[in-house]
Every structure is written in structure tokens, then in C-alpha cells.
Amino acid sequence: MSKEFLIEQLTNQLTSSFGATINLDMGEHGIVHIDGGQLPPIVTEGSADADGTIAMSLENFLALAKGELDPMGAFMDGTMSVTGDMGAIMALQNALSD
């Protein structure tokens, strides 16, 4: 699986606006930007100004997108790191669980 699969999964899962912008930083695999101020949210490859950033490996982002990785557990054990507005990150999590 690839970054393109992640973009496709997020595009399919995010059906409502959540009012924030998020960068998903996958290190050597690049960055995916989510504009949650749009309806539906727009998911694109590349970095842009964002309210918050989530960093972890591509493999873990894919596991998260498939529901195989618990986001809170990943945050608590250091698999995932978060910078910026925690409210924006939580808004993304809520939008993904809708």
C-alpha cells in the first residue's frame, strides 16, 4: 500500500467539514495536507500552512486509516507525535469517526 492509498482512504472517509487544516508528515514518504474547512474536505499530496501536524510512519498512517491502529494508543506510546493546535487534531479524529 502507498501514500496514494492513504489519500484515497481519507478522501472517502472525510465527508463533512471539520474546520481545520492538518498536515500528515510521513518523513521520507512526504506530507499529505487535509483542508477540513472545505466541504467535503480536500486531501492533497504536499505541505501547506496547517493548524496542526501529525507525524508518524506511512505504515502506521495506513494502519490508522484501515482502523488497525488506535489513534489514542499511538499517541500515548509515542508512535504518533502531534504539534500545533490539539483542538484541530481532535476535530480530524472526530470527523474520521463519523
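**Entry 1. The core**

I looked up the largest nonpolar core first: of its 26 residues, Leu6, Leu14, Phe18, Ile22, Leu24, Ile34 and Ile54 touch the most other members. The elements that each supply at least two residues of this core are helix H1 (3-13), strand E1 (21-25), strand E2 (31-35), helix H2 (58-65) and H4. H4 gives the largest share, five residues. A nonpolar core here is a set of buried Ala, Val, Leu, Ile, Met, Phe, Trp, Tyr and Cys residues joined through side-chain atoms within 4.5 Å. Buried means under 20% relative accessible area, exposed means over 50%, and partly exposed is in between (1.4 Å probe, protein chains only). In soluble globular proteins, nonpolar side chains tend to be buried together.

I noted the source before going on: this is a predicted model, in which local features need pLDDT of at least 70 and side-chain atom pairs count only at pLDDT 80 or more, while totals for chains, interfaces and linings use all residues. Residues are numbered from 1 along each chain as its sequence is written, and side-chain values use heavy atoms, with hydrogens and water left out.

Not counting residues up to four places away in sequence, Leu14 touches Ile34, Pro40, Pro41, Val43, Leu92, Ala95 and Leu96. Contact means heavy atoms within 4.5 Å.

**Entry 2. The chain as a whole**

I listed the secondary structure as four helices and five strands. From the N terminus on, the order is α-β-β-β-β-α-α-β-α. Helices (H or I, at least four residues) and strands (E, at least two) are DSSP runs, numbered from the N terminus.

I checked the overall dimensions next. The C-alpha trace spans about 30 × 25 × 25 Å along its principal axes.

Among contacts with a separation of 6 or more, 57% are between residues 24 or more positions apart. The chain exposes about 5,100 Å², and carbon and sulfur atoms supply 51% of it. Accessible areas come from the Shrake-Rupley method with a 1.4 Å probe; for residues, only the protein chains shown count as cover.

**Entry 3. Helix H2 and what follows**

I went through H2 and found Leu58, Phe61, Leu62, Ala63 and Ala65 buried. The buried residues of H2 pack against H1, E1 and strand E4 (52-55). After H2 comes Gly67, with a positive phi near 80 degrees.

I also looked up the peptide bond between Leu39 and Pro40, which is cis, with omega about -5 degrees. Pro40 lies in the loop between E2 and E3. Most residues other than glycine have a negative phi, and most peptide bonds are trans.

**Entry 4. The salt bridge**

How many salt bridges does a search of the whole structure find? The search finds one. Glu45 forms a salt bridge with Lys3, and the closest N and O atoms are 2.8 Å apart. Glu45 is in strand E3 (residues 42-45) and Lys3 in helix H1, so the pair ties together parts that are 42 residues apart in sequence. The cut-off is a side-chain nitrogen of Lys or Arg within 4 Å of a carboxyl oxygen of Asp or Glu.

Is Lys3 buried or exposed? Lys3 counts as buried, because its relative accessibility is 12%.

**Entry 5. Strand E5**

I looked at Ser81, which lies in strand E5 (residues 81-84). Ser81 is partly exposed, at a relative accessible area of 40%. Leaving aside neighbours within four places in sequence, Ser81 is in contact with Thr53, Ile54 and Ala55.

**Entry 6. A nonpolar patch**

Last, I recorded a nonpolar patch on the surface, formed by Met72, Phe75, Met76, Met86 and Met90, with about 480 Å² of accessible area together. Helix H3 (71-76) and helix H4 (86-97) each give two or more residues to the patch. H3 supplies the largest share, three residues. Met86, in helix H4, is partly exposed, with a relative accessible area of 40%. Patches are made of residues with over 30% relative accessible area and no salt bridge; like charges are joined within 9 Å, and nonpolar side chains (Val, Leu, Ile, Met, Phe, Trp, Tyr) within 5 Å.
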